[in-house]
Amino acid sequence: MPDLDRTDRRILELLQSDGRITNTELAQRTGIPPTSMSDRVKRLQKQGYILGYSARLDPHRLGLELLVFVEVSLDKTTPDAFDKFSRAVRSAPEILECHMVAGGFDYLVKARVTDMAHYRSFLGDVLLAMPGVSETRTYPVMEEVKSDAPLPI
């Protein structure tokens, strides 16, 4: 993080913990004038440090009780196969995250569904129907120990 000074890092820490904090409050908590704060936040957004703002929702209140991790292996490991799979993943709302990994499988998928019946349907109708999927291994989450991790700055 060579482009970030101590104040920039503090701003990013504060915004990660409360994205609705006002520029005035940010300025007070970092000890710089509000006009400078506004310029700094705009610069951090322009430079791509701040990707956006959103609300964190409680999945259980929304009926999305089951969190699963799924190892996905593709039948081919070619750029075209990776591209087709990646495009398909982006269209599945149940998939929260998808990471290409090195090791014994190709992708690690994090998905959230209502229950095991919903997961079986998602697996058969969505995930296994994606281009190139040859094998999956599913790991249902029994307990979420830490799921709200801000980035270390």
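## Basis

Residues are numbered from 1 along each chain as its sequence is written, and side-chain values use heavy atoms, with hydrogens and water left out. In this predicted model, local features need pLDDT of at least 70 and side-chain atom pairs count only at pLDDT 80 or more, while totals for chains, interfaces and linings use all residues.

## Helix α3

Helix α3 spans residues 34-46, 13 residues in total. Helices (H or I, at least four residues) and strands (E, at least two) are DSSP runs, numbered from the N terminus. From first C-alpha to last, α3 reaches 18 Å, close to the 18 Å expected at 1.5 Å a residue. That expected span is 1.5 Å times one less than the number of residues.

## Two faces

M37, S38, R40, V41 and L44 are the buried residues of α3 (buried: under 20% relative accessible area; exposed: over 50%; partly exposed in between; 1.4 Å probe, protein chains only). Viewed down the axis, they fall within an arc of 165 degrees, so they line one face of the helix. The arc is taken from the directions from the helix axis to the C-beta atoms. Cover for these buried residues includes α1 (6-17) and α2 (23-30).

The face turned away from the buried side carries exposed T35, D39, K42 and K46.

## After the helix

G48 follows α3, with a positive phi near 90 degrees. I50 lies in the loop between α3 and β1 (66-74). I50 is buried, at 12% relative accessible area. Leaving aside neighbours within four places in sequence, I50 is in contact (heavy atoms within 4.5 Å) with L12, L15, V41, L44 and Q45.
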